[in-house]
Amino acid sequence: MSGQATVEFSLVIGVVLLLILGAIQVGLYAIERNNALSATEQGVLTAVSAQSSPAGGPAAAGAVYTAIATQLNTGLFGAHAVRGESVNGVCPGLDSNWPIGEVHVCSQYDATAGTVTVSVRGWVPALVPPHFGISGGRDWALALDIHEVAHVATFSA
(Lines give C-alpha, C1' and ligand atoms only; values in the text may rest on other atoms or scores of the structure.)
Protein backbone atom coordinates (compact mmCIF):
# COMPACT_ATOMS: atom_id res chain seq x y z
CA MET A 1 0.00 0.00 0.00
CA SER A 2 2.73 2.51 0.84
CA GLY A 3 4.36 1.97 -2.55
CA GLN A 4 1.11 2.85 -4.30
CA ALA A 5 0.76 6.09 -2.34
CA THR A 6 4.32 7.06 -3.23
CA VAL A 7 3.69 6.47 -6.93
CA GLU A 8 0.43 8.44 -6.86
CA PHE A 9 2.10 11.29 -4.98
CA SER A 10 4.96 11.45 -7.48
CA LEU A 11 2.47 11.58 -10.38
CA VAL A 12 0.33 14.33 -8.84
CA ILE A 13 2.95 16.59 -7.20
CA GLY A 14 4.18 18.01 -10.53
CA VAL A 15 0.70 19.09 -11.59
CA VAL A 16 -0.09 20.53 -8.14
CA LEU A 17 3.17 22.55 -8.09
CA LEU A 18 2.48 23.78 -11.60
CA LEU A 19 -0.98 24.97 -10.58
CA ILE A 20 0.30 26.68 -7.42
CA LEU A 21 3.17 28.43 -9.20
CA GLY A 22 0.83 29.40 -12.06
CA ALA A 23 -1.61 31.00 -9.64
CA ILE A 24 1.22 32.89 -7.94
CA GLN A 25 2.51 34.02 -11.35
CA VAL A 26 -0.89 35.40 -12.35
CA GLY A 27 -1.00 37.45 -9.14
CA LEU A 28 2.56 38.75 -9.53
CA TYR A 29 1.98 39.68 -13.17
CA ALA A 30 -1.21 41.54 -12.27
CA ILE A 31 0.73 43.54 -9.67
CA GLU A 32 3.58 44.27 -12.11
CA ARG A 33 1.23 45.30 -14.92
CA ASN A 34 -0.81 47.55 -12.62
CA ASN A 35 2.41 49.12 -11.30
CA ALA A 36 3.70 49.71 -14.85
CA LEU A 37 0.39 51.25 -15.91
CA SER A 38 0.39 53.56 -12.90
CA ALA A 39 4.04 54.53 -13.49
CA THR A 40 3.35 55.25 -17.16
CA GLU A 41 0.43 57.50 -16.25
CA GLN A 42 2.66 59.27 -13.72
CA GLY A 43 5.29 59.78 -16.44
CA VAL A 44 2.75 61.34 -18.80
CA LEU A 45 1.49 63.64 -16.04
CA THR A 46 5.05 64.61 -15.20
CA ALA A 47 5.78 65.39 -18.83
CA VAL A 48 2.74 67.54 -19.53
CA SER A 49 2.67 69.38 -16.20
CA ALA A 50 6.35 70.35 -15.94
CA GLN A 51 6.17 73.39 -18.18
CA SER A 52 8.27 76.28 -16.95
CA SER A 53 6.03 78.82 -18.64
CA PRO A 54 2.68 78.77 -20.45
CA ALA A 55 4.56 78.68 -23.76
CA GLY A 56 7.17 76.14 -22.60
CA GLY A 57 7.43 72.53 -23.76
CA PRO A 58 6.89 69.39 -21.74
CA ALA A 59 9.43 67.90 -19.37
CA ALA A 60 12.59 66.35 -20.77
CA ALA A 61 12.92 62.59 -21.12
CA GLY A 62 15.29 62.44 -18.12
CA ALA A 63 12.70 63.94 -15.77
CA VAL A 64 10.06 61.52 -17.04
CA TYR A 65 12.40 58.54 -16.59
CA THR A 66 13.25 59.63 -13.04
CA ALA A 67 9.55 59.89 -12.16
CA ILE A 68 8.81 56.44 -13.57
CA ALA A 69 11.93 54.46 -12.60
CA THR A 70 11.50 54.78 -8.84
CA GLN A 71 7.93 53.53 -8.95
CA LEU A 72 8.72 50.76 -11.41
CA ASN A 73 11.72 49.44 -9.51
CA THR A 74 9.69 49.07 -6.31
CA GLY A 75 6.91 47.11 -8.01
CA LEU A 76 8.76 44.83 -10.42
CA PHE A 77 9.81 41.37 -9.24
CA GLY A 78 13.15 40.32 -10.71
CA ALA A 79 13.25 43.21 -13.17
CA HIS A 80 14.41 46.82 -13.24
CA ALA A 81 13.80 49.96 -15.29
CA VAL A 82 16.23 50.91 -18.05
CA ARG A 83 16.17 54.23 -19.87
CA GLY A 84 15.18 53.73 -23.50
CA GLU A 85 15.71 56.23 -26.29
CA SER A 86 13.33 57.07 -29.11
CA VAL A 87 14.53 56.34 -32.63
CA ASN A 88 13.50 58.94 -35.22
CA GLY A 89 10.94 60.32 -32.77
CA VAL A 90 9.34 56.94 -32.06
CA CYS A 91 9.79 54.70 -29.05
CA PRO A 92 10.91 51.23 -30.16
CA GLY A 93 8.38 48.42 -29.94
CA LEU A 94 8.75 45.39 -27.70
CA ASP A 95 11.73 43.40 -28.94
CA SER A 96 12.13 39.68 -28.24
CA ASN A 97 15.91 40.17 -28.17
CA TRP A 98 15.81 42.40 -25.09
CA PRO A 99 17.13 40.70 -21.96
CA ILE A 100 14.64 39.26 -19.51
CA GLY A 101 14.43 41.52 -16.48
CA GLU A 102 14.92 44.83 -18.30
CA VAL A 103 11.92 47.13 -18.70
CA HIS A 104 12.62 50.00 -21.09
CA VAL A 105 11.15 53.43 -20.34
CA CYS A 106 10.90 55.75 -23.34
CA SER A 107 9.26 59.15 -23.69
CA GLN A 108 8.92 61.54 -26.59
CA TYR A 109 7.30 64.83 -27.46
CA ASP A 110 5.66 65.41 -30.83
CA ALA A 111 5.46 69.18 -31.28
CA THR A 112 3.38 69.01 -34.47
CA ALA A 113 0.68 66.83 -32.90
CA GLY A 114 1.07 68.43 -29.47
CA THR A 115 1.31 65.06 -27.72
CA VAL A 116 3.59 63.38 -25.23
CA THR A 117 4.05 59.61 -25.48
CA VAL A 118 5.44 57.43 -22.70
CA SER A 119 6.12 53.72 -23.22
CA VAL A 120 7.08 51.06 -20.69
CA ARG A 121 8.10 47.87 -22.47
CA GLY A 122 10.13 44.84 -21.57
CA TRP A 123 10.21 41.27 -20.34
CA VAL A 124 9.61 40.29 -16.71
CA PRO A 125 10.70 36.89 -15.38
CA ALA A 126 8.08 34.15 -15.05
CA LEU A 127 7.87 31.38 -12.45
CA VAL A 128 6.28 29.03 -14.96
CA PRO A 129 7.11 29.06 -18.68
CA PRO A 130 4.00 30.70 -20.17
CA HIS A 131 4.10 28.84 -23.50
CA PHE A 132 5.75 25.57 -22.38
CA GLY A 133 7.69 25.64 -25.65
CA ILE A 134 4.52 24.83 -27.60
CA SER A 135 3.75 28.15 -29.30
CA GLY A 136 5.67 31.28 -30.14
CA GLY A 137 6.93 33.55 -27.40
CA ARG A 138 9.69 33.60 -24.85
CA ASP A 139 9.91 30.91 -22.23
CA TRP A 140 10.43 32.09 -18.65
CA ALA A 141 9.32 35.63 -19.53
CA LEU A 142 6.11 37.63 -19.72
CA ALA A 143 5.73 40.68 -21.94
CA LEU A 144 5.05 44.05 -20.38
CA ASP A 145 3.93 46.61 -22.97
CA ILE A 146 2.25 49.81 -21.75
CA HIS A 147 1.84 52.86 -23.97
CA GLU A 148 0.25 56.18 -22.93
CA VAL A 149 -0.35 59.32 -25.01
CA ALA A 150 -1.47 62.70 -23.67
CA HIS A 151 -2.16 66.00 -25.41
CA VAL A 152 -0.21 69.02 -24.22
CA ALA A 153 -2.33 72.11 -23.72
CA THR A 154 -0.86 75.55 -23.20
CA PHE A 155 -2.85 78.47 -21.95
CA SER A 156 -2.05 82.13 -22.30
CA ALA A 157 -3.66 85.18 -20.80
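This briefing covers the fold, helices, core, disulfide and selected residues of one protein model.

The model is predicted: local features need pLDDT of at least 70, side-chain atom pairs count only at pLDDT 80 or more, and totals for chains, interfaces and linings use all residues. Residues are numbered from 1 along each chain as its sequence is written, and side-chain values use heavy atoms, with hydrogens and water left out. The protein has 2 helices and 4 strands. Helices (H or I, at least four residues) and strands (E, at least two) are DSSP runs, numbered from the N terminus.

**Overall fold**

- From the N terminus, the element order is α-α-β-β-β-β.
- Of the 157 residues in the protein, 34% are buried. Buried means under 20% relative accessible area, exposed over 50%, and partly exposed in between (1.4 Å probe, protein chains only).
- Contacts with a separation of 6 or more are 58% between residues 24 or more positions apart. Contact means heavy atoms within 4.5 Å.
- The accessible surface is about 8,900 Å², and carbon and sulfur atoms hold 63% of that surface. Accessible areas come from the Shrake-Rupley method with a 1.4 Å probe; for residues, only the protein chains shown count as cover.

**Helix α1**

- Helix α1 takes in residues 2-49, which is 48 residues. At 1.5 Å a residue it should span 70 Å, and its end C-alpha atoms are 69 Å apart, which agrees. The expected span of a helix is 1.5 Å times one less than its number of residues.
- A bend of about 30° falls at Val12 in α1. The bend at a residue is the angle between axes fitted to the seven residues ending there and the seven starting there.
- Buried residues of α1 are Gln25, Glu32, Asn35, Ala36, Ala39, Thr40, Gly43, Val44, Thr46 and Ala47.
- Their cover includes α2 (61-75), β3 and β4 (141-151).
- An α-helix has 3.6 residues a turn, so residues three or four places apart point the same way.

**Helix α2**

- The 15 residues of α2 should span 21 Å at 1.5 Å a residue. The end C-alpha atoms of α2 are 21 Å apart, which agrees.
- Helix α2 has a kink of about 25°, centred on Ala69.
- Ala69 is also buried, as are Val64, Tyr65, Ile68, Leu72 and Gly75 of α2.
- The buried residues of α2 pack against α1, β1, β2 and β3.

**Nonpolar core**

- The largest nonpolar core holds 24 residues. Such a core is a set of buried Ala, Val, Leu, Ile, Met, Phe, Trp, Tyr and Cys residues joined through side-chain atoms within 4.5 Å.
- Touching the most other members are Ile68, Leu72, Leu76, Val103, Val105, Val120 and Val124.
- Two or more residues of this core come from each of α1, α2, β2, β3 and β4. Helix α2 gives the largest share, 5 residues.
- Not counting residues up to four places away in sequence, Leu76 touches Glu32, Asn35, Val103, Val124 and Leu144.
- In soluble globular proteins, nonpolar side chains tend to be buried together.

**Disulfide**

- The model has 1 disulfide, a pair of cysteine sulfur atoms within 2.5 Å.
- The partners are Cys91 and Cys106, with sulfur atoms 2.2 Å apart.
- Cys91 sits in the loop between β1 (80-83) and β2 (102-110), and Cys106 in strand β2, so the pair ties together parts 15 residues apart in sequence.
- The S-S torsion of Cys91 and Cys106 is about -85°, so the disulfide is left-handed.
- Both Cys91 and Cys106 are buried.

**Selected residues**

- Thr117 lies in strand β3 (residues 115-125). Thr117 is buried, because its relative accessibility is 8%.
- Beyond neighbours within four places in sequence, Thr117 contacts Cys106, Ser107, Gln108, His147, Glu148 and Val149.
- Leu28 belongs to helix α1. At 24% relative accessible area, Leu28 is partly exposed.
- Leu28 contacts Phe77 and Leu127, leaving aside neighbours within four places in sequence. Leu28 and Phe77 are 49 residues apart in sequence and 7.7 Å apart in space, C-alpha to C-alpha.
- Asn88 is in the loop between β1 and β2. Its relative accessibility is 76%, so Asn88 counts as exposed.
- Phi of Asn88 is near 55°, a positive value in a residue other than glycine. Most residues other than glycine have a negative phi.
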